[in-house]
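This briefing walks through selected features of the structure shown below.

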Amino acid sequence: MSDRLTLLWLQSGGCGGCSMSLLDAEHPDLYGALELSDIELLWHPSLSEASAEEFLDLLGRISRGEQRLDILCLEGSVMQGPDGTGRFHRLAGSGRPIRDWLRELAGLARHVVAIGSCAAFGGITAAGDNPGEACGLQYTGEHPGGLLGEDWQAAGGLPVINIAGCPIHSGWVLDCLAQLALGELDEDALDEYHRPRNYTDHLVHHGCPRNEYYEFKASAEKPGDQGCMMEHMGCLGTQARADCNIRPWNGGGSCLKGGYACINCTAPTFETPNHPFQETPKLGGIPIGLPSDMPKAWFVALASLAKAATPERLRRNAVAEHIEVPPTGGRRRRP
Amino acid sequence: MSRRLYGPFNRVEGDLEVQVEIEDGRIKAAWVNSPLFRGFEQILHGRNPRDALVYTPRICGICSVSQAVAAASALREAMELEMPDNGRLTTNLVLACENLADHLTHFYLFFMPDFAREAYADHPWQAAIAERFRAQTGRCAREVLPARAAFLHLTGILAGKWPHSLSIQPGGSTRPVEPQERIRLRQIVGQFRQFLETTLFGDALESVAALDSPDALDDWAERHADSDFGRFLQVAGALDLATIGRGPDRFLSFGAYARADGHLFARSTWADGKRGALDPSAIREDVSCSWIRSQNGPRHPREGATLPAADKPGAYSWCKAPRLNGQVMETGALARQLIDDHPLIRALVAQSGGNVRNRVIARLLELARLVPVMEDWVLALRPRQPFCLDAPVPDEAEGAGLVEAARGSLGHWLRIRNGRILNYQIIAPTTWNFSPRDAEGTPGVLEQALVGLAVGPDGHDAVAIQHVVRSFDPCMVCTVH
């Protein structure tokens with residue numbers, strides 16, 4: 001048996017988008033990163049040669065203790081429905097609900113990692129009335145529990161590591177796997193929902209390209225406008241825990257850079273807001289969700305002051321698709 | 001006669017199980033099961049109509065832009081809105097980027113690794129193919145992953161990220177392009193062209209797109225044996241991949257990449273050797289063999305419902321069975337290029353129908369045809385002109401969004417009442433291709449394509465099943481959503 005960490009990746013009630021996002025990894029690419037962390041991919045549904053009985057044979061060997069399992073990753077929600085039977089997803093070829101496989105394999109793995117908000121909390125699959133009875137590995141929405149229960153710990157001593165996001169950034173996963181490989185990931189490295197603090201110690205607001213509009217409360221009013229999207233367009237970037245505007249997506253993007261609102265996809269229950277995703281709920285004209293850690297009175301006072309001070313340039317550009325008024329400050333005067 | 005169960009199939013998006021009946025070493029009948037149900041149609045019910053732009057892309061991580069484009073276009077019809085030219089071009093660019101990245105992923109990571117299997121160890125070509133295409137360790141992966149990621153930088157600019165963008169809106173794109181970004185986009189597409197021309201084709205894209213007959217293709221394959229497309233053609237010849245996986249030879253394309261009038265790749269059907277007009281009102285979803293509650297016979301998706309019935313007698317899949325005028329239709333790149341009248345594809349289908357080889361050729365041909373068009377679209381972008389229009393969503397309205405994902409025709413049907421989603425039904429490409437039997441007992445496309453396949457007396461020699469299944473580039477998470 002080699003000393004390399006072994007990793008098994010399973011998918012259930014999800015879209016496969018986290019795996020697709022993982023393939024977007026660059027410098028190093030996915031295989032390069034796994035090699036550098038000395039991780040052996042036992043099986044991944046999109047990437048492995050082994051199919052059908054070869055794969056079921058692998059699960060059997062893990063069950064019997066003949067194959068060591070260091071890291072079990074689940075992508076997608078745990079499907080408990082219908083009526084708690086798990087039949088909404090029976091692992092093909094096995095006839096057995098994948099939920100039951102997961103419970104067994106989690107007990108054999110040194111570390112268990114939930115990939116994406118579905119596996120962590122239930123996610124999109126649990127939206128609305130949750131027709132699939134979907135839950136996360138150790139959470140049901142924001143409540144501890146899920147498939148494995150609040151007090152469950154993997155053999156390595158950690159709870160399920162929740163790399164929440166819809167989808168994940170490849171860097172969030174590969175950083176976490178590298179830390180596991182180095183033995184450097186401990187409980188202090190996880191936040192209150194057991195998400196790696198690597199990325200959740202930041203707010204999406206950090207590095208937002210629309211910061212100047214935010215400062216002056218110069219707000220976008222319709223799709224394509226350049227202004228801050230917090231006041232009208234449903235943006236939750238000032239509350240959302242992730243480093244999306246610091247760590248580039250696909251070479252340099254982010255939701256905000258793409259011109260649309262942050263929907264707080266790393267948070268439990270992000271999938272069922274009690275308002276339309278692209279509209280900001282308000283009470284008396286003031287957004288209900290305030291920036292993290294900001295007292296309401298101060299926010300209201302600062303916002304009204306900022307609005308009074310908004311330069312004409314920002315007021316006009318905020319509701320335009322293109323820069324209509326370029327900045328003038330700092331230009332050297334002709335002698 | 002014996003029965004055998006195959007699954008899970010990996011290197012398909014999602015989970016899949018196939019049961020077969022074997023007689024004299026060949027498949028006599030097949031039953032295809034999509035084993036995962038999530039319930040998106042129920043999730044969408046009662047939401048604000050624009051929320052479909054958040055939910056539907058998350059049906060599928062590999063077709064998320066296609067889902068977004070279908071949702072935006074259903075909303076656009078309901079809102080009676082038009083897109084400005086820039087909005088249409090941007091939508092097409094992001095959709096083309098996803099579709100072509102999918103074609104690339106399918107060929108290199110999902111389809112070709114099966115030829116590296118030990119089952120082919122006796123074949124003279126196997127060692128070289130394995131060295132290049134073996135899953136995870138083959139040399140090509142380390143070339144393809146960076147090329148794919150670099151190409152997806154286009155979505156980083158135009159859509160913020162991939163997958164699961166919210167930039168595609170009914171009125172266009174939330175992401176206006178600045179002049180310098182237009183240049184950067186041109187470079188991204190150009191760099192992808194270079195990768196294709198060096199690695200996949202070893203030839204100019206225009207020369208590949210101009211191949212117009214099976215003879216021209218054979219001749220090309222001889223001259224470009226050291227390109228990856230050339231390698232595939234050799235293996236396809238050696239294993240007679242044109243003789244396996246024959247579907248019903250009736251094809252469907254909703255038309256790909258909207259233009260001011262019509263589509264870049266035509267909308268139509270194809271059967272009995274000719275094109276026919278496509279009437280979307282003739283689509284019905286049959287649920288006779290699906291674990292889905294019946295509604296007194298097949299329904300048009302506009303009137304359809306998707307409610308699970310896990311104990312339904314006679315059912316064996318969560319997938320519904322869509323039919324057009326009661327007929328089983330194959331959809332995908334082969335259908336698209338056939339219906340768009342590409343001479344090579346026309347001739348190949350006339351010769352040998354829809355089969356494993358022809359499906360793969362059509363996909364790669366699409367890469368060669370579309371990248372030059374993307375270059376033109378980038379240059380046609382007009383910075384400082386509008387990218388997105390908006391309008392209120394009416395309280396009562398209906399809309400349909402018909403688009404082409406990498407793997408075929410995708411339709412969304414939306415009904416709005418009192419400003420909320422009353423009904424939202426989705427038919428995905430693999431729902432067409434991997435459907436179960438209908439009320440008449442007629443098997444779906446894959447179920448037909450597997451019949452006659454040689455698998456050995458007890459079904460152990462089953463690597464050919466892998467080729468047939470993957471030749472459709474199935475997306476199971478879309479199939480049942």
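In chain B, 4 strands make up an open sheet of mixed pairing, in the order β10-β9-β6-β13. Its edge strands are β10 (274-276) and β13 (330-331) of chain B, each of which pairs on one side only. Here, strands (E, at least two residues) and helices (H or I, at least four residues) are DSSP runs, numbered from the N terminus, and two strands pair if DSSP finds at least two bridges between them.

The model is predicted: local features need pLDDT of at least 70 and side-chain atom pairs count only at pLDDT 80 or more, while totals for chains, interfaces and linings use all residues. Residues are numbered from 1 along each chain as its sequence is written, and chains are lettered from A and ligands numbered from 1 in the order in which they are written.

**Strands and turns in chain B**

- Strand β9 (residues 268-271) of chain B runs antiparallel to β10(B), and 3 bridges join them.
- One of the residues involved is B:A271, whose bridge partner in β10(B) is B:K274.
- The loop between β9 and β10 of chain B holds B:D272, which has a positive phi of about 50° although it is not a glycine.
- B:D272 counts as exposed because it has 7 C-beta neighbours inside 10 Å.
- Strands β2 (residues 17-23) and β3 (residues 26-33) of chain B are antiparallel and joined by 7 bridges.
- These two strands, β2(B) and β3(B), form a hairpin with 2 residues between them, and B:D24 in the turn has a positive phi of about 50°.
- B:E23 has B:R26 as its bridge partner in β3(B).

**Helix α13 of chain B**

- Buried residues in helix α13 (residues 343-352) of chain B are B:L344, B:I345, B:L348 and B:V349.
- They lie on the same side of α13(B) because they cover an arc of only 125° around the axis; the arc is that of the directions from the helix axis to the C-beta atoms.
- B:A350 and B:Q351 are exposed on the other side of α13(B).
- The cover over the buried residues of α13(B) includes α10 (214-223), α12 (333-339) and α14 (356-380) of chain B.
- After α13(B) comes B:G353, with a positive phi near 75°.

**Chain A as a whole**

- Chain A has 10 helices and 11 strands.
- Its C-alpha trace spans about 80 × 50 × 35 Å along the principal axes of chain A.
- Chain A has 335 residues, of which 55% count as buried.
- Of the contacts in chain A with a separation of 6 or more, 68% are between residues 24 or more positions apart. Two residues are in contact if their C-beta atoms, placed from the backbone, lie within 7 Å.

**Where chain A touches chain B**

- Contacts link 60 residues of chain A with 71 residues of chain B.
- On the side of chain A that touches chain B, α1 (17-22), α2 (30-36) and α3 (52-63) of chain A each give two or more residues.
- α1(A) gives the most, with 5 residues.
- This side of chain A has 27 nonpolar, 23 polar and 10 charged residues. Ala, Val, Leu, Ile, Met, Phe, Trp, Tyr, Cys and Pro count as nonpolar, Asp, Glu, Lys and Arg as charged, and the others, Gly among them, as polar.

**The largest nonpolar core**

- The largest nonpolar core has 258 residues, and those with the most contacts inside it are A:A114, A:I115, A:I163, B:L93 and B:L154. Such a core is a set of buried Ala, Val, Leu, Ile, Met, Phe, Trp, Tyr and Cys residues joined through C-beta atoms within 7 Å.
- Helix α4 (residues 85-111) of chain B gives the largest share of this core, 14 residues.
- Beyond its neighbours within four places in sequence, A:I163 has contacts that include A:V113, A:A114, A:I168 and A:W172.

- Most residues other than glycine have a negative phi, and most peptide bonds are trans.
- A:G81 and A:P82 are joined by a cis peptide bond with omega about -10°.
- A:P82 sits in the loop between β4 (78-79) and α4 (98-106) of chain A.
- Another cis peptide bond runs from A:C166 to A:P167, with omega near 5°.
- A:K217 is not a glycine, yet its phi is positive, about 55°.
- A:K217 counts as buried because it has 22 C-beta neighbours inside 10 Å.

Terms used:
A residue is buried if 20 or more other C-beta atoms lie within 10 Å of its own, exposed if 12 or fewer, and partly exposed in between; C-beta atoms are placed from the backbone.
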